[in-house]
Amino acid sequence: MKVFRALPLAASAALVTFPAVILAPEAGYAAPDEIVVSVRRKDENLQDVPIAVSTIDDEQISRYGIDTLGDVAKYSPGLQFDEGFGAQDTRIVIRGLSPTRGRSNVALLVDGVDFTGEAVGTAGGGILVNQQLLDIERVEVVKGPQSALYGRSAFGGAIQYVSKKPSLEEFEGTVGIDLGSASDSRNSSRISGAWSAPITENFGLRINGLMYDKDGFYDNALTGESVGGSDGFGLALSGLWQATDNLSFSGRLAGSQDSYEPQAQARVDSNAVIDIDDSVAVLNGDTPTLVQSSGPPPFFPLYPDCNAFPTGSDGTIASCLGGSPKVLTVGTMPSADQLTIWQNANPRTGSNYYGTEVETITGTLKVEWVLDSGVASSYTGFAALNSDQLFDGQNDVLLPGVTYTSLDSTWPGSTGATYSFTLPACGFANCSPAVQEINFENQTRLFSQEFRYASDLEGPLNYTVGALFWKENIQQRANSFSVSPAIFRGAFGPPGTPLPVLAAGPGNAVIANGINSPGADVTRRETESLSLYGLLEWELDDAWKVSVEGRWIDEDLRVAGGTCDINKTPALTGLANQAPDANGDVFCNSSFRGASSVAQSVAGGTLPVGTYTRPAVINSVAKFSESFFAPKATVEFKPSDDALYYASIAQGIKPGGISTITAGSFFQPELNTFKKEKLISYEIGAKRTLMGGDLLVSTALFYQDYTDKQVGVSRFDPVIQTDVGGIENAGESEIWGIELEAIWQATENLTLAGGYTYVDSEYSKFVLETSSSNNVARSLAAGGGGCLSIIDNPTPPSGGRSDFCIVDLTGNQVEDVPEHSFVGNARYQAPLGDGGLEWYADASVIYRDERAMDEFNVKWLDSYVTADLRGGVIGDSWEVIGYIDNVFDDDTVKSGVDFGSQVNTVREGQFPPGPTDGVIVTMPDPRVIGVRASFNF
């Protein structure tokens, strides 16, 4: 069926690219400028490159106010940029390849050097992705797997920043100012400047810098203080030494310091109750009980569907934390005007947490030696990043004196269809019986060295060979803590029970705010990657060329994380270890559900009774090694200077590893080791120059077979006696689509440009083995049938307590992939009087279709249309622009992430609460009106 659905679009692509189709006015107007790219490590005309590439040049960067990768994605159809949980949780999607778990699917390069990092505690690419663009000449977005060209991280594509180089001919400089304002006096300012000079006839320097300050557009309703703002500065020094006619050295050293307020994120309320019926899974003849309890004994009678430990495990999955039925967030996310930001205050200050502080230094050095037979090159890069993050991890509150009405009518004592309670005063503005504080200190050190030789022979054959060594060391020191609701403030009762005020601990040097922290949880990850690559090009004749390329990669990973110290923790807290299991293994008291969990000390330990304390941790070390080969083959047909047709087949491989995303648990490498993802991509494309050069058209039709997708699962963790998140390779999908881009110089004064991407994505096979009752509920909410069968998980020592439930997601849409994306632009420029001035008006329209937020397809981000306007006056050495971003003040939520809420489950009358279902969304920027000016000298 997919083939037949593809035919209309394939036919359209053929019509657009077919040489005879010139359904446009006669040529004769000024042609668009030649677009130069360096995606293959040499300057080329974009129309001559057999790869799908989108570019943004320095003029667009300046006039559109493109400051970050999020802005790049805004003007690039087919490129999605999502902000998740914290500043380090950033996710880039190209052609439907979403990094649900693990490292980024897209490589990020600066001047040919790979700076693609990986976050420790969340999915995505890390904080390096979020840096401000500093003196960038152009941005190149390369689509499709490019492992052979760009290395280990270019699984779905690559984004390259090309910086501006010093001039060896004349002094030049520029100063830019950008002042913007939204409603309620929310202002932003950005000042940048650059100066370039030839120091000698063959040596030049360029220095540039920026300062910016952006107010947050939203307020935290609990404190009244703004969130989402940022400020910082950056400096960069570039040098170019043309040592001889054939030997050159170019380098860049950049540093920045950035401060980000807590993100402008709001929690979306639950809106659906899903009953998990015991009769769901009967395909194998069993009548299973779908939940079991690991909660305190007083709550067992409240849930008749729960079985208490240590009963048998047959037919049971998950736990009663959150209760049964499940309360979910389903459907399309509400717009920003329907949401309120509730973030807990920092108890040390009573104000907002400070958010994120980042200091970054990056450097690149390129050496190029032109020989008679080719070009030898060396690329060296390094990065050093230090960051501190302190923010509320709950994004949810319970207010005293407010009456809450639950969606769940099953709570004992409820009347009618709902359960309501009014929370009494607790001594705090936020009376939530659960607290989560995120406190990360990150250090990243990255180094890479690449050697490359590209031949330039006179015959039909040419080749390129190279080697790359890439190393990244990351350390995350987590002082985070989460307090279990059953012991926080002595609360042992359902919602509405008075909560005693948390008293500060006695004067003890190791106790801060009543929380004892015997030692931070430190996670270290060291990655070493060595790769060899080669490219062979064979010109069959003047029109046909065949090329084959490939990269062999060998990668070694070493990860160290914290696990509970079974000797120091009982001695510190007085909380006895769990009884030995069938293997004879001893684990800490299950009150400590992870290195950040807090439990109340009891008599017998070295701490005062009642002190809230975290477990003592020791490091556990795991290693992972993997080697693989990623090939690509391309056929080019260039019948004239104005036409290029190509077809390619490529394999993309995303390495496996050991996940450090272990929220809710200690570091358990045996539960979080996963294999590589694999992708086979087929692509045909065409690039045409029509109407005497007035019209440039690029099209690509692609099909991708995506296997072994890394996804999250739930497994029983014997250390903390409950089910926790893990990672495994479960998903297979088919993704195909079409990309169209065109630039048309319609008249001497009018330029039209547009880009459209259509993506059809579907999981062709996705059978999930899960012990999470939330996953069963999500499947039911999506109409997928819930738990289809039970797989027996043997009892210890050979297995865990919970059985596995089969949930089938086959046929679902791949998450984070809009079906339709469009970016259009119209620009009119004409003389202004007789003084040599020009004026222009510019308008952009951006459309994104709706897209699923999760693989279950129960949560969706709505489609949206936004528009930006710009107009200005251009002189010989200056330009002044007035702009309106988001002209119609669209408030559609454009980014979000699944994140459970303990507080939400309390509001729904379920106690003790556990992090069940939930969504946090990033609030969109409102309409911003401003002015930009640049002065050249």
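This is a predicted model: local features need pLDDT of at least 70, side-chain atom pairs count only at pLDDT 80 or more; totals for chains, interfaces and linings use all residues.
1. Residues are numbered from 1 along each chain as its sequence is written, and side-chain values use heavy atoms, with hydrogens and water left out.

2. Start with R95 and E683, whose side chains meet in a salt bridge at 3.0 Å, N to O. R95 sits in the loop between β5 (90-94) and β6 (106-110), while E683 belongs to strand β40 (residues 677-690), so this pair links distant parts of the chain, 588 residues apart. Strands here are DSSP runs of E with at least two residues, and helices are runs of H or I with at least four, numbered from the N terminus. Both R95 and E683 are buried (buried means under 20% relative accessible area, exposed over 50%, partly exposed in between, with a 1.4 Å probe and protein chains only).

3. Next, have a look at E741 and K143, with their closest N and O atoms 3.3 Å apart in a salt bridge. E741 lies in strand β42 (residues 722-745) and K143 in strand β8 (residues 136-143), so the pair ties together parts that are 598 residues apart in sequence. E741 counts as partly exposed at 25% relative accessibility, whereas K143 is buried at 6%.

4. What about disulfides? The count comes to one, taking a disulfide as a pair of cysteine sulfur atoms within 2.5 Å. C564 is joined to C588, S to S 1.9 Å, and the link is left-handed, with -90 degrees about the S-S bond. C564 lies in strand β33 (residues 544-564) and C588 in the loop between α5 (568-573) and β34 (597-600), so the pair ties together parts 24 residues apart in sequence. C564 is buried at 8% relative accessibility, and C588 is buried at 1%.

5. Finally, three strands form an open antiparallel sheet in the order β17-β53-β52; two strands pair if DSSP finds at least two bridges between them. β17 (265-268) and β52 (895-898) stand at the edges with a single partner strand each, so one side of each is left without a neighbour in the sheet. Four bridges join β17 to β53 (residues 919-922), and V268 stands opposite V919 in β53.

Notes
A salt bridge is a side-chain nitrogen of Lys or Arg within 4 Å of a carboxyl oxygen of Asp or Glu.
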